[in-house]
Amino acid sequence: MALPTDQELIADWRTQPAPLLPLLHAFHDRDGYLAEAAIVAIAQGLRIPVADLYGTITFYHHFTRQPEGLQAPRVCTGPVCCLRGGKELLAALADQGATAMPCAGRCDEPVPVLQGHHVLIGTNVATLTHKTTLLPPPNPGGIEECVFAAIREPGRNTLVGYQRSGGYEGLQRAIRTMTPADVVEFIRQSKLAGRGGAGFPTGLKWKAVAEAGGQPKTIVCNADEGEPGCFKDRAILDYDPFAVIEGMTIAAYATGATRGFIYLRYEYPEIAQTLQQAIDEATAGGWLGANILGADFHFDLYIRRGAGAYICGEEGSLLNSLEGKHPFPRNRPPFPVTHGFENLPTAVNNVETLASAAQIMRHDADWYAGLGLNGNAGTKVISLSGDVQRPGNYEVPFGLPLRTLLYDWAGGPLPGRSLQAVTMAGLSGGFLSGEDMQTATLDEPSIRSKGSMLGAAGIIAFDDSRAMVEVAHNAMEFFAHESCGKCFPCRIGTQRLMAPSG
Ligand SMILES: Cc1cc2nc3c(=O)[nH]c(=O)nc-3n(C[C@H](O)[C@H](O)[C@H](O)COP(=O)(O)O)c2cc1C
């Protein structure tokens with residue numbers, strides 16, 4: 001079959017919402033790289049100055065401008081992969097033109113290598129194999145779950161399997177028995193707060209979007225998951241894509257939004273297919289599109305793949321990236337709830353937040369709030385990796401002792417070793433060690449009282465064999481590399497922190 005021409009690709013995408021990223025990907029996929037001629041054609045097709053477009057393209061890691069660059073291996077050298085031979089694997093693949101990539105969100109597996117549209121995993125060239133995304137381990141504490149309650153059900157990522165295990169009960173309840181304002185109030189009472197890191201109350205965010213003037217309104221699912229050590233959204237999207245779609249549809253009903261985007265990180269190529277299949281099934285089944293459940297309610301959903309840039313997880317950068325602009329963060333206020341995608345009211349929510357909302361709508365607000373321990377509301381999925389016996393995604397009640405997770409649930413350190421330190425919030429929260437590591441509970445107030453934060457809840461464990469100064473240096477290398485450069489404290493500060501002292 002003949003490949004599409006430049007003009008055909010441009011004609012396919014220019015009238016679609018948020019067209020720049022998919023158009024760049026279409027050229028990148030067709031040619032295996034972004035040629036100069038392609039950049040000029042896209043700039044002309046979308047009426048963007050070439051210099052602007054060039055700056056935007058080069059901001060992202062994964063748009064290669066070398067012929068055949070798409071097929072060159074990209075090897076994860078994130079903080080966990082460094083412990084597992086990521087740098088050695090990179091060196092072993094050098095003759096294939098391999099380059100390093102920051103954490104690719106598979107810290108519970110061997111080192112990931114991205115090649116074309118596939119992820120291989122392994123610790124040496126001989127053992128590289130296709131990915132085997134791991135199901136979250138069963139909750140070892142026997143404690144009731146929310147997000148993961150049904151994720152291990154067979155076929156959960158098909159529409160039939162999803163509905164067999166309670167899927168879409170929440171949306172039906174919302175549309176058939178509640179007004180949009182009731183749904184907002186229900187979510188507010190559940191005390192669900194953002195699981196992407198900032199912890200903003202979800203009900204309040206949806207209320208602000210519902211009350212903001214301007215149409216069309218938008219729901220954006222933040223599936224950028226760029227924080228090193230975080231891989232929870234990947235597991236939810238792989239095994240429970242309909243929960244995210246249902247959560248977005250509930251959010252749309254509550255806020256009056258009619259369009260939605262899932263902004264998916266580049267490093268999860270297979271999930272793009274899983275999600276597209278789920279969207280197609282949901283649309284065919286009448287769960288997306290016009291007159292959902294016979295109501296006067298319309299919601300269209302699109303996937304937009306990022307191209308590799310940590311800052312694009314920050315909601316302002318994400319919105320600029322979606323709009324085809326240079327993905328710098330935006331100054332706030334105004335906030336996205338009133339001035340989001342295309343300057344119109346927008347709810348940006350994390351994958352876990354949306355999947356939680358779908359489950360909460362099937363139950364009661366009090367049920368969810370009551371899942372937490374010691375006065376904390378709800379649950380949190382923790383991505384635990386590094387030097388523990390059973391790394392993985394664990395859904396914990398807020399307030400669970402960190403020790404319980406590390407030692408009882410994840411089996412503690414490897415035989416003969418002891419735990420020296422753990423990171424919090426991926427890398428963003430810094431490290432906890434000593435007494436703090438023994439006494440912290442998994443909730444924001446406790447961890448903040450120790451000078452750190454829980455954030456999106458990636459925890460990387462380091463045993464007594466690790467050189468922590470080197471680990472800290474690697475962390476600073478990541479932040480220096482990923483600084484978008486907009487603000488000088490980060491642009492200059494991260495470079496200074498990374499530089500050898502002397
Ligand atoms: C540097 C930076 C990176 C971020 N990365 C992510 C991310 O990968 N995923 C995410 O959901 N939120 C991320 N956030 C938080 C988002 O800006 C935003 O608060 C979140 O998507 C809102 O959704 P929530 O309320 O459901 O958590 C990041 C924030 C910052 C400052």
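Predicted model: local features only at pLDDT ≥ 70, side-chain atom pairs only at ≥ 80, totals over all residues.
Figure 1. Strand 6 (residues 217-223) and strand 7 (residues 257-264) run parallel and are joined by seven bridges. With a relative accessibility of 0%, Leu264 counts as buried. Once its neighbours within four places in sequence are left aside, Leu264 is in contact with Ala223, Leu237, Ile271, Ala272, Leu275, Ile303, Arg304, Arg305 and Gly306.

Figure 2. The strands follow the order 8-7-6-9 and pair in the parallel sense. Strand 8 (300-305) and strand 9 (346-350) are the edge strands, each of them pairing on one side only. On average, and with direction ignored, neighbouring strands of this sheet are turned by 20 degrees against each other. Helix 13 (residues 269-284) packs on the sheet, where it touches strand 7 and strand 8, and the direction of helix 13 makes about 170 degrees with that of strand 8.

Figure 3. Strand 10 (residues 379-386) is largely enclosed by the rest of the structure, because eight of its eight residues are buried. From strand 10, Thr379, Val381, Ser383 and Ser385 point one way, whereas Lys380, Ile382, Leu384 and Gly386 point the other way, and all are buried. The pairing of strand 10 with strand 11 (residues 392-397) is antiparallel and extends over six bridges, and a hairpin through five residues joins strand 10 to strand 11. Within this pairing, Lys380 stands opposite Val396 of strand 11. Strand 10 also runs parallel to strand 14 (residues 458-463), to which four bridges join it; in strand 14, Ala461 is the bridge partner of Gly386.

Figure 4. Helix 9 (residues 180-190) packs against helix 12 (residues 241-255) at an angle of about 120 degrees, and the axes of the two helices are 7 Å apart. At this angle, helix 9 is oblique to helix 12. Helix 9 contributes Pro180, Val183 and Val184 to the contact, and helix 12 contributes Ile250, Tyr253 and Ala254. Sorted by class, the contact of helix 9 with helix 12 has six nonpolar residues, with no polar and no charged residues.

Figure 5. The buried residues are Glu315, Gly316, Ser317, Leu318, Leu319, Asn320, Ser321 and Leu322. At the start of helix 14, a side-chain oxygen of Glu314 reaches to within 2.9 Å of the backbone nitrogen of Gly316, while just after the helix Gly324 takes a positive phi of about 85 degrees.

How values were computed. Residues numbered from 1 in each chain as written. Heavy atoms only, no water. Axes fitted to C-alpha atoms, helices over the stretch in contact; angles between N-to-C directions. Parallel < 35°, antiparallel > 145°, perpendicular 65-115°, else oblique. Contact = heavy atoms within 4.5 Å. Nonpolar A, V, L, I, M, F, W, Y, C, P; charged D, E, K, R; others polar. Buried < 20%, exposed > 50% of the residue type's maximum accessible area, 1.4 Å probe, protein only. Pairing = 2+ DSSP bridges. Polar contact = N/O pair within 3.5 Å; in protein donor to acceptor, adjacent residues only side chain to side chain.
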